[in-house]
Amino acid sequence: AKVNKAALTDALSALRGLKLERYVVDDGADLKLYGLAPPFLTLEVTTPSGKQTLLIGGAQGGSGRRYGKPPGKDTAVFVLSEADSIKLVRT
C-alpha cells in the first residue's frame, strides 16, 4: 500500500503533542455511547519505551473532537482536542 507522507507526518505530530480537552467519565462509562465499543480507530505506536495504544471513538456532537480511551479494562473516557482529532482520523 502507498503511504500518504503528509497524513503520517500529521498523525505523528498529533501523537507527540496529544492534548486531552477533558475527561468525560472517570470510571464506568458505557463505551458504546462514545463509539468505543468497538472503537472507530485503534492506534498502536512502538517507541523505544514500548508499545503505546490509543482507542479513538466517535465524534463529540457536531464537533471535530473525538472521544478516546486507553486500551484494556479502564473505562475512563476523555475528549481529544479538535486539532489532534482531525490529524489522527482521516477518511
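## About the model

The model is predicted, so local features need pLDDT of at least 70 and side-chain atom pairs count only at pLDDT 80 or more, while totals for chains, interfaces and linings use all residues. Residues are numbered from 1 along each chain as its sequence is written, and side-chain values use heavy atoms, with hydrogens and water left out.

## Overall build

Let us start with the fold elements. The protein has two helices and five strands, and their order from the N terminus is α-β-β-β-β-β-α. The radius of gyration is 13 Å, close to the 12 Å that the globule rule gives for 91 residues, so the protein is as compact as a globular protein of that length. Helices (H or I, at least four residues) and strands (E, at least two) are DSSP runs numbered from the N terminus; the radius of gyration is taken over C-alpha atoms, and the globule rule is 2.2 Å times the number of residues to the power 0.38.

Along the principal axes, the C-alpha atoms fill a box of roughly 40 × 35 × 25 Å. Of contacts (heavy atoms within 4.5 Å) between residues at least 6 apart in sequence, 49% join residues at least 24 apart.

## Surface and charge

Buried residues account for 33% of the 91 residues. Here buried means under 20% relative accessible area, exposed over 50%, and partly exposed in between, with a 1.4 Å probe and protein chains only. The accessible surface comes to about 5900 Å², and 54% of this surface belongs to carbon and sulfur atoms. Such areas come from the Shrake-Rupley method with a 1.4 Å probe, and for residues only the protein chains shown count as cover.

There are 13 positive and 9 negative side chains, and the centres of the two sets lie 8 Å apart. Lys and Arg count as positive and Asp and Glu as negative, leaving out His and the chain ends; each charge is placed at NZ of Lys, CZ of Arg, CG of Asp or CD of Glu.

Gln60 sits in the loop between β3 (50–59) and β4 (66–69), and is buried at a relative accessible area of 13%. Its side chain makes a polar contact with the side chain of Arg65 at 2.7 Å. A polar contact is a pair of N or O atoms within 3.5 Å; within protein, one must be able to donate a hydrogen and the other to accept it, and residues adjacent in sequence count only if both atoms are side-chain atoms. Beyond its neighbours within four places in sequence, Gln60 is in contact with Arg22, Arg65, Tyr67 and Val79.

Glu21 belongs to strand β1 (residues 20–25) and is partly exposed, with a relative accessible area of 48%. Not counting residues up to four places away in sequence, Glu21 touches Arg65, Val79, Leu80, Ser81 and Glu82.

## Ser81

Ser81 lies in the loop between β5 (77–80) and α2 (82–88), where this serine is buried at a relative accessible area of 9%. A polar atom of the Ser81 side chain lies 3.2 Å from the backbone nitrogen of Asp84. Setting aside residues up to four places away in sequence, Ser81 touches Lys19, Glu21 and Arg65.

## A cis bond at Pro38

The peptide bond joining Ala37 and Pro38 is cis, with omega about 0 degrees. Pro38 lies in the loop between β1 and β2 (41–47) and counts as exposed, at 68% relative accessibility. From Pro38 to Leu55, 17 residues apart in sequence, the C-alpha to C-alpha distance is 9.1 Å.
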